[in-house]
Every structure is written in structure tokens, then in C-alpha cells.
Amino acid sequence: MTTINTTAITVVLPEAFDERWSRLPGIQVDARRITIDPAEYFFRFESSTWLVADWELVKSQLLEVQETTESAVEQLALDFIKADAESTSDAARVLSTAYEVYAYLFRDEHLAGLGLPQITAEHLRMLREAATLMALNKVELDGRISNVGPCWFFPAATSVVFDLSDEMGGMLDEVYHGGWFNEHRRIESIRAHAALGGRLVHGCQSVPDQTGGVVAPYGASMAAFRDDLAAFKAGWIEQVYAHRVGPGA
């Protein structure tokens, strides 16, 4: 593993996270305070800078904007990122921004229209927490995946932390990347993820594939991303599952 700035990352978020995140190497949770040791937490950590934009600015300027025949929502997001995003080496800022993004995207009001009665508000909390931590993952413009942590492998990480069965972990993954991937939700996601400097992309084909997702910059090579991901995922997924405490509940 190539590491650069491996100073501990500490952030205090508006919501207390589940303390079982500490089952994974390199992460400690004390209510709202999260501390991450990059050298222990990440499988690969080659970049300690991220692109972010102010969430309040995203809310006021982008979340309600409507696309037209001349300007698609992706173009609106790209223009916003060009104008208002900035590079930061403050990982706590990235996590704080990501928390706001996913508190918005995985809000309880969506449950009624989801069509999955077994998914509860508690499951949405799990999604918010895992997706927030996922924001530290990173893809470069050339498609190389520079940062990879356990939350890349969403069902594996959530099964370890929340004692989910494989079936429920897979269903939660569907909610994350597929179950509400209708056009209304996609547009909402495109707008919100501008705060994290890109768009959410998935390597997955379906739940069993478990290839994860990341917020990637517009213009990143998806072909190189796919090839890099295929080369490492199996071994790292196995390492995540090794931290399971017992059989899934």
C-alpha cells in the first residue's frame, strides 16, 4: 500500500454513529466523534485531497434547479462544480459534507415510496453512516482508484458492523444503488453529489456482484476504473468479511 499523509482523521458529526464501526480496523466511534487511522483503515490510500463544495450553497443553488432541453442536470452539476468546488486536504470537512449529502438522500420520507416494507428508518440510518464514510474513497481522472476503504464493499461492511444477514445486506445494497434508482432519485443524486465534487458511480451489476461505488469526478475514465476494481476486489472483500463477529442475524 502506498500512503501519503496518514495523520489521524477526526470529525464530530451531527448524529451519533453506531459504535460497532470500531469492529473494522483503523476506525473508532465515540458517539458523534469518529477517528480514522488511514494507515490501518484503508486498503489503498494514495491521495489526501478531495473536491468538495459548500452544502448550503448546493442546497440554495442546485437542489431545486430544473434541467431544460438545452441543459441536462449533469451539465448543471458540472458547471456548479467548476464554479464552486474546491480542493481540500481536510478529511473532516469531506465527512461533514458527506453526512449532509446522505442525510438528504436517505431521508425517511422516501420509505413510503420504496416498495420494500422490510426496509425501515433504521436501515436508512445504516445507509447514511456507511455512505458518509464511503466519501473518503477516491477515483482519479485517469480512472485509477486512489483510495479504497471497507465501505467500498457495501454489503460486506454493513454485515460486519450491523450484524446483517447476507440477504438483508444485499437488500440494503439494492436500496443504496438500485432499489430507488428511478429517474427522480437519480436526478436528486446528481444534484446532491455535486457537494462531493462528482457523481456517484457503481461497479456493480447486481447485489451478488458487490463491486461497490464511489463519487467520481466528471470525466474520469470508467474503463480504467472498471479494470482497476476488478483486479483487487475479491481479496479485499474477503478481508472485510473476516471481521464478522458471528453469523448474520
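Good morning. Please bear in mind that the model is predicted.

I begin with the core. The largest nonpolar core holds 86 residues, of which Trp21, Tyr102, Leu133 and Phe153 touch the most other members. The element that gives the most to this core is helix H4, residues 91-105, with 10 residues. As a general remark, nonpolar side chains tend to be buried together in soluble globular proteins.

Next, helix H3. This helix covers residues 73-84, 12 residues in total. From first C-alpha to last, H3 reaches 16 Å, close to the 16 Å expected at 1.5 Å a residue. Which residues of H3 are buried? They are Val73, Leu76, Ala77, Phe80 and Ile81. Around the axis these cover an arc of only 135 degrees, and therefore they lie on the same side of H3. The face turned away from that buried side carries Lys82 and Ala83, which are exposed. The cover over the buried residues of H3 includes strand E5 (50-52), helix H2 (55-61) and helix H9 (183-192).

Helix H2 brings me to Trp55, which has its place in that helix. Is Trp55 buried or exposed? Its relative accessible area is 7%, below the 20% cut-off, so Trp55 is buried. Leaving out residues up to four places away in sequence, Trp55 touches Leu63, Glu100, Val101, Tyr104, Ala192 and Ala195. Trp55 and Ala194 are 139 residues apart in sequence, yet their C-alpha atoms are 8.9 Å apart in space.

Arg128 is located in helix H6, residues 121-134. Arg128 counts as buried because its relative accessibility is 12%. Neighbours within four places in sequence aside, Arg128 is in contact with Glu15, Tyr102, Ala103, Phe106 and Asp108. Tyr102, as noted, is among the core residues that touch the most other members.

Finally, the sheet. In what order do its strands lie? The order is E4-E8-E7, an open sheet of 3 strands with antiparallel pairing. Strand E4 (44-45) and strand E7 (138-139) are the edge strands, each pairing on one side only. Between E7 and strand E8, residues 145-148, the antiparallel pairing runs over 2 bridges. In E8, Ile145 stands opposite Val139. Across E4, E7 and E8 lies helix H10, residues 222-241, which runs at about 30 degrees to E8.

Thank you for your attention.

Key
Residues numbered from 1 in each chain as written. Predicted model: local features only at pLDDT ≥ 70, side-chain atom pairs only at ≥ 80, totals over all residues. Heavy atoms only, no water. Helix = DSSP H or I, 4+ residues; strand = E, 2+ residues; numbered from the N terminus. Buried < 20%, exposed > 50% of the residue type's maximum accessible area, 1.4 Å probe, protein only. Contact = heavy atoms within 4.5 Å. Core = buried A, V, L, I, M, F, W, Y, C linked by side-chain atoms within 4.5 Å. Expected span 1.5 Å × (residues − 1). Arc of directions from axis to C-beta. Pairing = 2+ DSSP bridges. Axes fitted to C-alpha atoms, helices over the stretch in contact; angles between N-to-C directions.
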